[in-house]
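Here is a briefing for a reader who is meeting this structure for the first time. Please look over the sequence and the model, and then read the points below, which are grouped by topic.

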Amino acid sequence: MKSAKHTHRANCQNCGSLQAIDVLTNKIAKHGYTVKGWGFFNGVCTGSDRLPLQLERTYCDEQCSLQGHYAARLRETAAKYETGEIVPDTCGTGTYLRIQKPRNMWEQEEILVPFNEGHPYFQKKAVVSAIAHCNMGAGQREHYVATMQSLAKEIFSTAPIEVKAKAPLLDVKNGLRFKLDNGKTFEVRSLVKRGFSKSLNYAVCFNVNSPEEKLTISKQSIRIYVTKHGIVGE
Ligand SMILES: [Zn+2]
């Protein structure tokens with residue numbers, strides 16, 4: 001049965017997010033990076049259809065090693081920009097073109113020239129921006145590695161999280177008796193519609209000990225009283 005497919009949740013080895021796992025294979029359900037993007041992933045997460053971090057950490061460690069190396073390379077590149085060992089390919093000019101985009105939107109785009117033909121001010125600006133770009137990418141990846149390694153340390157070889165099946169909603173119907181916090185017992189006489197609801201969301205009730213006392217109350221509130229005090233007569 002499809003509805004009973006996922007009864008456990010566990011963490012993805014690649015992005016760390018908590019996802020449903022397949023009841024037969026234990027593999028992580030297909031998911032994207034919308035929730036936890038890390039700033040450098042996009043599309044379908046490559047941790048999809050793999051065992052979760054609770055059961056296996058090989059893929060997690062591989063990704064951490066990969067991103068760790070990438071971060072180190074970015075730091076090295078930033079250092080080379082700092083010393084002037086390398087320069088960006090292009091730099092800005094301070095002159096902008098207005099570009100028409102779909103739906104009548106306009107964007108400004110700076111005209112770029114080869115780095116060596118640029119004005120020193122814009123060369124400097126391009127170098128600073130290149131360094132910042134490298135350091136930001138490195139920082140995101142270092143943060144990723146630290147977070148995933150600490151998550152792996154914490155949860156690897158622990159059990160996936162069991163998802164409790166939701167209890168069916170109590171059917172509030174005529175004749176149902178419930179107790180208020182003040183001890184009075186009421187019985188549902190009829191169901192009515194209030195507000196913009198498309199369903200019968202309120203119940204007209206009477207006090208079983210003094211039937212002239214009426215109460216109109218939402219089904220949701222009745223469910224809360226039943227959770228607290230039980231159904232009277234059961
Ligand atoms: Zn993932």
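Arg177 has Glu187 as its bridge partner in strand S9, where helices (H or I, at least four residues) and strands (E, at least two) are DSSP runs numbered from the N terminus. The model is a predicted one, in which local features need pLDDT of at least 70 and side-chain atom pairs count only at pLDDT 80 or more, while totals for chains, interfaces and linings use all residues. Residues are numbered from 1 along each chain as its sequence is written.

**The sheet around Arg177**

- Strand S8 pairs with strand S9 (residues 185-192) in the antiparallel sense over 3 bridges, and two strands count as paired if DSSP finds at least two bridges between them.
- Helix H3 (residues 219-229) packs on the sheet, where it touches S8, strand S10 (202-207) and S11, and its direction makes about 70 degrees with that of S8; axes here are lines fitted to C-alpha atoms, for helices over the stretch in contact, and angles run from 0 to 180 degrees between N-to-C directions.
- The sheet is open and has 4 strands in the order S8-S9-S10-S11, with antiparallel pairing.
- Strand S8 (177-179) and strand S11 (214-218) are the edge strands, and each of them pairs on one side only.
- Neighbouring strands of this sheet are turned against each other by 40 degrees on average, with direction ignored.

**The whole chain**

- The protein chain contains 3 helices and 11 strands, and along the sequence these follow the pattern β-β-α-β-β-β-β-α-β-β-β-β-β-α.
- Domain 1 covers 1-87 + 121-165 and domain 2 covers 177-229, with bounds that come from an automatic or database domain assignment.
- The centres of domain 1 and domain 2, taken over C-alpha atoms, are separated by 50 Å.
- The radius of gyration of the protein chain is 31 Å, whereas a compact globule of 234 residues would have one near 17 Å; the value is taken over C-alpha atoms, and the globule rule is 2.2 Å times the number of residues to the power 0.38.
- Along its principal axes, the C-alpha trace of the protein chain spans about 95 × 50 × 35 Å.
- Buried residues make up 18% of the 234 residues, where a residue is buried if 20 or more other C-beta atoms lie within 10 Å of its own, exposed if 12 or fewer, and partly exposed in between, with C-beta atoms placed from the backbone.
- Of the contacts between residues at least 6 apart in sequence, 50% join residues at least 24 apart; two residues are in contact if their C-beta atoms, placed from the backbone, lie within 7 Å.

**The sheet of S2, S1 and S7**

- An open sheet of 3 strands has the order S2-S1-S7, and its pairing is antiparallel.
- Strand S2 (18-21) and strand S7 (161-162) stand at the edges with a single partner strand each, so one side of each is left without a neighbour in the sheet.
- Strand S1 (residues 8-11) is joined to S2 by 4 bridges, and the bridge partners in S2 include Ala20 for Arg9 and Gln19 for Ala10.
- S1 and S2 form a hairpin with 6 residues between them, and Gly16 in the turn has a positive phi of about 85 degrees.

**The nonpolar core**

- The largest nonpolar core has 11 residues, among them Ala10, Ile21, Cys64, Tyr144 and Met148; such a core is a set of buried Ala, Val, Leu, Ile, Met, Phe, Trp, Tyr and Cys residues joined through C-beta atoms within 7 Å.
- Helix H1 (58-83) and helix H2 (120-155) are the elements that give two or more residues to this core.
- Not counting residues up to four places away in sequence, Cys64 touches Val145, Met148 and Gln149.

- Strand S4 (residues 96-101) is hardly covered, since the count of buried residues among its 6 residues is 0.
- S4 pairs with strand S5 (residues 105-110) in the antiparallel sense over 6 bridges, and Ile99 has Glu107 as its bridge partner in S5.
- The hairpin formed by S4 and S5 has 3 residues between the strands, and Arg103 in the turn has a positive phi of about 60 degrees.
- Val113 is found in strand S6 (residues 113-114) and is partly exposed, with 15 other C-beta atoms within 10 Å.
- Leaving aside neighbours within four places in sequence, Val113 is in contact with Thr90, Cys91, Thr93 and Gly118.
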